[in-house]
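Me: Hi! I have a structure open and I'd like to walk through it with you. Can we take it piece by piece?

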Amino acid sequence: MSILFLSPTGQMGGAEAALHEMIAGLRDAHPSWSLGVVVGSDGPLVERIKTLGARVEVLPFPPALAKLGDWSVDGAGSLIALLARCAVAVGPAFIYLRQLRRVLRASAPDVIHTNGLKMHLLGAWAAPKGTPVVWHFHDFAAGRRLTSRLLRRSASRCAAVIANSRSVAQDARYVCGDATSVYPVWNAVDLARFAPTGSRADLDALAQLPPASPDVVRVGLVATFARWKGHETFLEALSLLPSSVPVRGYIIGGPLYETAGSQVASRHLRERAQVLGLGSRVGFTGFVADSAAAIRSLDIVVHASTDPEPFGLVIAEAMACGRAVVASRGGGAIEVTEACAGSVTHMPGDARGLADRIEELATDPDLRARLGEAGRETAERCFTRARMAVELTPIYQGLAHVH
Ligand code: GLC
């Protein structure tokens, strides 16, 4: 069996971390399978995939294509701006399609597995006739006007969809139509790297803050700077905590993707923290490459997405690190948190609710310890690479056999 994975980016976001674990799981389960990856931009993913022993080729997106995305479409004005960006990207996209077609022909895989929107479309259009294309959905698409239309129009070229949660699977069925087979498969986490013990990041130094006093409970939001990750809800929740609760908050992460308009500016968040009078109660560490070390240096990991979270890899990673988690109740994150006994949640965007949950955990070290243990147990049961490989194998085998 040979599988070629197509990733739009070489940067390490959630979908790319999930791809890495998926390839690691398949390599362990099937050493004889040939696994290769084509990425649309260079980045840390490339080296990490090579370390797994898989082939990687960087086929860079032209800049106009890299910037394209409909995240920012919320009104007529921005729709026109998006259409203008599309118009500029059409020519380069065709050139790219030709290059990709050549790469796909040369590598002649049994299955093409695409890991992000642009690659879903490009992969479907560039795949040699008869080669099944699997779309791996990591995000909801139905609410994105242009995206969902394009996917629906190309769905006949897609042999199957893998979705990172049942919630995303439902959305994918709606977008792609009943003719497409959709398989929910949860992500895996590297349980050796995301473990309760190991190196810790010096978050105070990274945030350029004086060291916090020893009794301080560290609470952090670990996320990309996508607009819907709830940074402002987290800041507001911190501002609502009584000053008697010894807490320091950390915003861990930074802008990662090239897609225009999809991310919140770090300057904006700092201004917001200032307006809320947070002072040294919050620190901004910027992007931390070793996210496991960042998570381990926290006592409470906050997930605060204001939109339904497709899966919420960071929730699973924090569980694997044995940390107490407060998650926002929406989308696949509900499935992930419910897998863990006694999980703690708040409603998306509810800063008051989040502040209350943080306070309960910050003032109860035993509760944090119990949740941490339950989290690790959940991760070892639900988020192994082996489980992911077991679920994916029959999907690939069925497709390669049929076509
Ligand atoms: C995307 C989703 C996130 C998920 C990740 C891995 O980044 O937004 O919820 O955890 O992909 O599937």
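Me: Is F383 buried or exposed?
Reply: F383 is buried, with a relative accessible area of 0%. Buried means under 20% relative accessible area, exposed means over 50%, and partly exposed is in between, using a 1.4 Å probe and protein chains only.

Me: Before we go on, what kind of model is this?
Reply: This is a predicted model, where local features need pLDDT of at least 70, side-chain atom pairs count only at pLDDT 80 or more, and totals for chains, interfaces and linings use all residues. Residues are numbered from 1 along each chain as its sequence is written, and side-chain values use heavy atoms, with hydrogens and water left out.

Me: Thanks! Which residues have the most contacts inside the largest nonpolar core?
Reply: Those are F5, I23, L26 and F383, in a core of 66 residues. A nonpolar core is a set of buried Ala, Val, Leu, Ile, Met, Phe, Trp, Tyr and Cys residues joined through side-chain atoms within 4.5 Å.

Me: Which helix gives the largest share of this core?
Reply: Helix α12 (residues 313-320) does, with seven residues. Helices here are DSSP runs of H or I with at least four residues, strands are runs of E with at least two, and both are numbered from the N terminus.

Me: And what does L26 touch, leaving aside neighbours within four places in sequence?
Reply: L26 is in contact with I3, F5, W33, L35, A389, L392, T393 and Y396. Contact means heavy atoms within 4.5 Å.

Me: Switching to rings: how many aromatic pairs are there?
Reply: The structure holds six. Rings of Phe, Tyr and Trp (its six-membered ring) pair if their centres lie within 6.5 Å; planes under 30 degrees apart count as stacked, over 60 as edge-to-face and the rest as tilted.
One of the pairs is W135 with F137, which is stacked at 6.2 Å centre to centre, with 15° between the planes.

Me: Why does W135 count as buried?
Reply: Because its relative accessibility is 0%. F137 counts as buried too, because its value is 2%.

Me: Why is the pair of W186 and F383 called tilted?
Reply: Because their planes are at 45°, with the ring centres 5.7 Å apart. W186 lies in the loop between β7 (181-184) and α8 (203-206), and F383 in the loop between α15 (365-382) and α16 (385-402), so the pair ties together parts that are 197 residues apart in sequence. W186, F311 and F383 form one aromatic cluster.

Me: Now the ligand. Which residues surround the ligand?
Reply: They include G14, A15, H138, D139, N187, W228, F311 and G312. To count as near, a residue needs a heavy atom within 4 Å of the molecule.

Me: How far is a polar side-chain atom of H138 from an oxygen atom of the ligand?
Reply: That distance is 2.6 Å. For N187, a polar side-chain atom lies 2.7 Å from a ligand oxygen, and a polar backbone atom of G312 is 3.0 Å from a ligand oxygen.

Me: One more topic: which residues of helix α7 are buried?
Reply: In α7 (residues 166-176), the buried ones are S167, V168, A169, D171, A172, V175 and C176. They pack against β5 (133-137), α6 (145-154), β6 (160-163), β7 and α13 (332-338).

Me: What follows α7?
Reply: G177 does, and its phi is positive, near 95°.

Definitions and conventions:
A polar contact is a pair of N or O atoms within 3.5 Å; within protein, one must be able to donate a hydrogen and the other to accept it, and residues adjacent in sequence count only if both atoms are side-chain atoms.
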